[in-house]
Amino acid sequence: MAELQHTPRVVLVTGAAGFIGCNAVRHLLAADAALRVVSLDLLTYAGSRANLTDVERDHPDRHRFVRADIRDAAAMERLFAEEPIDTILHLAAESHVDRSISDPAAFLETNVMGTYVLLEAARKAWAERDDVRFHHVSTDEVFGSLGAEGRFTEATPYNPSSPYSASKAASDHLVRAWNRTYGLPATLSNCSNNFGPFQFPEKLLPLMICRALAGEPLPVYGDGRNVRDWLYVADHCSALWRIVCHGVDGRTYNVGAENEWTNIDLVRQVCKLLDELRPKPTRSYADQISFVTDRPGHDRRYAIDPKRLRDELGWHSPVPFRQRLRDTIEWYIGNAKWVKAIQSERYDGRRLGLPGGQKP
Ligand code: NAD
Ligand code: DAU
């Protein structure tokens, strides 16, 4: 195991009521019984306090939820005055590529300006401290698209394609600048596509599971040959914690499970598992697959080389992918009420991200 670089005591998790955030809060509280976690979230369409129900019930002494906007400098300053935060796990963001195509403003405001406000609040609050760390969670999408060969390393040049990935690239540069210019202790990670419990059903896997079960068409963009590199969310959380505690100041780590799938093969795999778990009387769920207009600027292939994380910090993805996918499908089947609440209040499953006039 790599040398300990940082010992967190009070962790601020931003975006804690979102998909990765709520899984991360659970992971942290289980990983260290002495840890206090402050969960911050604005509760946009993507975040829900219901994602933290068990956490709030089970850890009233070690956990606090704060509804706040990372763009609100006064609120961030107040929070640092109220809580002796020594670690920030920064996940809050607008996260959906298709929404960034239809409406980019919120992406620049939260992902760029929100990160700036948070960095400044941390810099001021931590001026006299060196036992602190800001960990910024970013994406492999900052590197742009790969061809058929090669993988992203930490040295791959930035080349973002979408408003989302451009805003995340900007936020990465800000974190590095605050580390180099002001000496703010910071680490970064860029990871591939996550999947698992509590993912908002606008993203490929939960969207396909929910639409399949509802008997609706399964919209695969373009020719379905785009490749994504899939990582189970709990494994991402364990990697994040390893980096927060053992990562070297100023360093970036790529996180991935070496698990590439074309979209069409993955959707077919979901259909096959659903055929086993919830068989239909006659046909396969695969009959619902429908090819639709491609996403504008759609990156062809992502693939992470996780060598640094493995060699320097000893992290690897432990459980076989197919089991993780089956668990995820079972989670969505078992949490139909959670899905229904989102569908009736926040997102009805419609196609997002086509500029005006373009047909699905
Ligand atoms: P998500 O959309 O599920 O959650 C984001 C959370 O941030 C939501 O709860 C939302 O309410 C909150 N939020 C948004 N704007 C806010 C603001 N101004 N102030 C406070 N809270 C705000 O996203 P996710 O999939 O959990 O992603 C979390 C982070 O991980 C993001 O930074 C994303 O870029 C990054 N990431 C995600 C993936 C993935 O596959 N999901 C992969 C790589 C990186
Ligand atoms: O790579 C990491 C990124 O993964 C994260 O930074 C983002 O926050 C996260 O949303 C995700 O971005 P993607 O654009 O890769 O995820 P999405 O689930 O939207 O799409 C995955 C692939 O599936 C992509 O190639 C587009 C395709 N797709 C998506 C949807 C929603 C379809 O074919 N049909 C769909 O309906």
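1. **Make-up of the shell around ligand 2.** The residues of this shell split into 10 nonpolar, seven polar and six charged. This is a predicted model, and every value below is computed from it. There are 23 residues around ligand 2. T139, D140, Y164, R295 and H298 come nearest.

2. **Polar contacts of ligand 2.** A polar side-chain atom of D140 sits 2.6 Å from an oxygen atom of ligand 2. For H298, a polar side-chain atom is 2.7 Å from an oxygen atom of the ligand. Y221 uses its backbone instead: one of its N or O atoms there lies 2.8 Å from a ligand oxygen. How much of ligand 2 does the protein cover? The protein covers 94% of the 690 Å² of accessible area that the ligand has on its own.

3. **Elements around ligand 2.** Look at helix α7, residues 204-213, and strand β8, residues 218-221. Each supplies at least two residues of the shell.

4. **The shell around ligand 1.** Now move to the other ligand. Ligand 1 is surrounded by 30 residues. The closest are I20, D41, S95, Y164 and K168. By class, the shell of ligand 1 holds 15 nonpolar, 11 polar and four charged residues.

5. **Polar contacts of ligand 1.** Which parts of G18, I20 and T44 come up to its oxygen atoms? For G18, a polar backbone atom is 3.0 Å from an oxygen atom of ligand 1. For I20, a backbone N or O atom lies 2.8 Å from a ligand oxygen. T44 uses its side chain, where an N or O atom is 3.0 Å from an oxygen atom of the ligand. The protein covers 97% of the 830 Å² of accessible area that ligand 1 has on its own.

6. **Elements around ligand 1.** Several elements each give at least two residues to this shell: α1 (19-31), β2, β5 (133-139), α6 (163-182) and β7 (193-195). Which one gives the largest share? Strand β5 does, with three residues.

7. An α-helix has 3.6 residues a turn, so residues three or four places apart point the same way.

8. **What covers α3, and how it starts.** At the start of α3, a side-chain oxygen of D72 reaches to within 3.2 Å of the backbone nitrogen of A74.

9. **D98, a charged residue.** Is D98 buried or exposed? D98 counts as buried, because its relative accessibility is 2%, and the cut-off for buried is under 20%. D98 belongs to helix α4, residues 97-102. Leaving aside neighbours within four places in sequence, D98 is in contact with Y221, R295, L352 and G353. D98 and R351 are 253 residues apart along the chain, yet their C-alpha atoms are separated by 8.7 Å.

Terms used:
Residues numbered from 1 in each chain as written. Chains lettered and ligands numbered in written order. Predicted model: local features only at pLDDT ≥ 70, side-chain atom pairs only at ≥ 80, totals over all residues. Heavy atoms only, no water. Near = heavy atom within 4 Å. Polar contact = N/O pair within 3.5 Å; in protein donor to acceptor, adjacent residues only side chain to side chain. Areas by Shrake-Rupley, 256 points an atom, 1.4 Å probe, with all protein chains shown as cover. Helix = DSSP H or I, 4+ residues; strand = E, 2+ residues; numbered from the N terminus. Nonpolar A, V, L, I, M, F, W, Y, C, P; charged D, E, K, R; others polar. Buried < 20%, exposed > 50% of the residue type's maximum accessible area, 1.4 Å probe, protein only. Contact = heavy atoms within 4.5 Å.
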